[in-house]
Each structure stands twice: as C-alpha cells, then as structure tokens.
Amino acid sequence: MPPATPAAPRVPSAAAPDTGSGHPPVTVRAPEPAEGADMWRLARDSGALDLNTSYAYLLLARDFARTCRVAVVDGEVVGFLLGYRRPEEPSTLFVWQVAVDPAQRGRRLAARLLADAAAGAGFVEASITADNTASQRLFESFAAERGAPLVRSELFAAADFPDAGHETEGLVRIGPLEPIES
Ligand SMILES: CC(C)(COP(=O)(O)OP(=O)(O)OC[C@H]1O[C@@H](n2cnc3c(N)ncnc32)[C@H](O)[C@@H]1OP(=O)(O)O)[C@@H](O)C(=O)NCCC(=O)NCCS
C-alpha cells in the first residue's frame with residue numbers, strides 16, 4: 001500500500017553554505033513527522049510565541065510538511081516555520097509561527113525558512129503582534145527582497161480571544177509574488 005500522505009519533499013539547503021563566517025552549514029528542508037517535537041521545544045523556548053500543544057506540532061509536521069520548514073545545523077533542528085496554504089485561497093501561504101534558537105539568531109535562518117516555504121506561493125500572510133520588531137523586520141525584508149507590496153490589517157482583535165491576556169494579532173499580507181526564476 002502506498003503511504004496515504006506523499007513523502008515530504010527534500011528541499012536542498014536553500015542556502016549557500018556559510019563562507020568565511022565560521023558557522024557550520026545550515027540545511028533548510030521540510031520536517032520529518034517526529035521533528036514536530038523539536039518545533040514544540042523551540043516554540044517553548046522562544047520567549048515570544050504562544051505555545052501550542054506538542055500534539056499540534058507533531059500533526060503539522062506530519063500533515064503539512066510541504067508548507068513547513070526546519071533549519072538543521074549539525075543534525076539538530078535549530079529553527080522552524082509552521083505554515084499552511086489557506087484552503088479557500090491555496091495560492092496564499094499563511095505563516096503561523098517562526099522561531100530560531102536564540103544561539104542561531106541573526107544568521108538569516110528565519111529569512112531562509114521563509115523564502116523556502118514561500119517558493120511557488122502567490123501571496124504570503126502572517127500574523128504579527130505590533131511589538132515584535134524581529135518578526136516585523138523579517139516580513140518587511142522578505143517583501144523588499146521580492147519587490148512585493150506589504151499590506152497591514154487586523155486579523156483578530158484582543159477581544160476575539162476567549163482567554164485573557166491576548167494582544168491584537170495584526171495581519172501582514174505580501175504579494176502578489178512574482179515567480180522566482182531558477
Ligand atoms: C523572529 C526570529 C524568527 C528571527 O530569526 P532570525 O533568524 O534571527 O532572523 P534573520 O536573521 O533571518 O533576520 C531577518 C530580518 O529580520 C531582521 N531582524 C532579525 N532579528 C531582529 C531584531 N531582533 N531586531 C530588528 N531586526 C531583526 C534582520 O536584520 C533581517 O532583516 P534585514 O534582511 O533587513 O537585515 C527570531 O528572532 C525568533 O525566533 N524570535 C522569537 C519567536 C518570534 O517572535 N517569532 C515571530 C513570530 S511568529
């Protein structure tokens with residue numbers, strides 16, 4: 001019997017290996033199902049993300065591997081991106097969470113995760129809180145690199161959340177994205 005879910009694509013490192021930085025090379029690829037556990041740990045330790053259940057990360061790594069990414073250094077998952085194509089608008093990649101191990105930040109790992117996950121998408125959306133400068137910059141930089149407009153709106157108001165303490169979630173929408181020539 002063939003597997004119910006097609007194998008996740010093996011995305012070669014989008015990256016050019018680090019040259020001269022002294023950093024070990026990074027591979028960016030679709031996650032293996034069990035790597036949902038690594039995503040959960042990174043989200044837990046990120047200091048900024050709402051932590052979903054470990055079950056949610058395992059399911060996403062299994063069922064949405066084609067639109068999720070991990071960054072791997074020396075065999076260790078040091079960054080992840082959770083994303084999915086919106087069912088009613090499949091050309092749009094919705095980026096739910098991105099996190100990079102604090103020790104690996106500032107090396108453009110998040111930029112590479114995003115660029116790789118967004119390959120082939122017509123639009124990218126992400127929900128960002130206003131005070132998350134790093135996240136704001138990540139998406140602004142992506143839009144600038146792709147020469148695409150970035151439009152901000154509100155996704156969910158604080159009052160939409162049933163549990164206390166949630167901030168308003170802003171939406172950034174980037175696109176239309178021109179196909180990248182390979
Ligand atoms: C947001 C996060 C994923 C960025 O990861 P990263 O690998 O360090 O980011 P990159 O090195 O790819 O940087 C991408 C862009 O963001 C900018 N940036 C990254 N961190 C920044 C910071 N703390 N302050 C300002 N700009 C920042 C970079 O300068 C770069 O912009 P540029 O192309 O104009 O130079 C990381 O800080 C993180 O894990 N934060 C905690 C989780 C989180 O907040 N996730 C986002 C919400 S889903």
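Tutor: The protein has 4 helices and 7 strands, and along the sequence they follow the pattern β-α-α-β-β-β-α-β-α-β-β. This is a predicted model, in which local features need pLDDT of at least 70 and side-chain atom pairs count only at pLDDT 80 or more, while totals for chains, interfaces and linings use all residues. Residues are numbered from 1 along each chain as its sequence is written, and side-chain values use heavy atoms, with hydrogens and water left out.

Student: What makes a stretch count as a helix or a strand?
Tutor: Both are DSSP runs, numbered from the N terminus: a helix is H or I with at least four residues, a strand is E with at least two. Helix H2, for example, covers residues 54-63, and strand E2 covers residues 69-73.

Student: Why is Arg 69 called buried?
Tutor: Buried means under 20% relative accessible area, exposed means over 50%, and partly exposed is in between (1.4 Å probe, protein chains only). Arg 69 has 6% relative accessibility, so Arg 69 counts as buried. Buried residues make up 41% of the 182 residues in the protein.

Student: And why is Arg 62 called partly exposed?
Tutor: Its relative accessible area is 49%, so Arg 62 falls in the partly exposed class. Arg 62 lies in helix H2. Between the C-alpha atoms of Arg 62 and Glu 32 there are 6.9 Å in space, although the two are 30 residues apart in sequence.

Student: What makes the pair Arg 62 and Asp 63 a polar contact?
Tutor: A polar contact is a pair of N or O atoms within 3.5 Å; within protein, one must be able to donate a hydrogen and the other to accept it, and residues adjacent in sequence count only if both atoms are side-chain atoms. Here the contact runs from side chain to side chain at 2.8 Å, so the pair qualifies.

Student: How do you know which residues are around the ligand?
Tutor: A residue is near a molecule if one of its heavy atoms lies within 4 Å of it. There are 21 residues around the ligand, and Val 98, Arg 108, Asn 132, Arg 137 and Ser 141 come nearest. Helix H4 (133-146) gives the largest share of this shell, 6 residues.

Student: Which polar atoms of the protein lie within reach of the ligand's own N and O atoms?
Tutor: An oxygen atom of the ligand is 2.5 Å from an N or O atom in the side chain of Arg 137. A nitrogen atom of the ligand is 2.7 Å from a polar backbone atom of Val 98, and an oxygen atom is 3.1 Å from a polar backbone atom of Ala 110. The protein covers 75% of the 920 Å² of accessible area that the ligand has on its own.

Student: Where else is phi positive in a residue other than glycine?
Tutor: Asp 74 has a phi near 50°. Asp 74 lies in the loop between E2 and strand E3. Its relative accessible area is 69%, so Asp 74 is exposed.

Student: Which residues does a cis peptide bond join?
Tutor: Gly 175 and Pro 176, with omega about 5°. Pro 176 lies in the segment after strand E7 (169-174), and Leu 177 is in the segment after E7 too.

Student: Is Leu 177 buried or exposed?
Tutor: Leu 177 has a relative accessible area of 8%, so Leu 177 is buried.

Methods: Accessible areas come from the Shrake-Rupley method with a 1.4 Å probe; for residues, only the protein chains shown count as cover.
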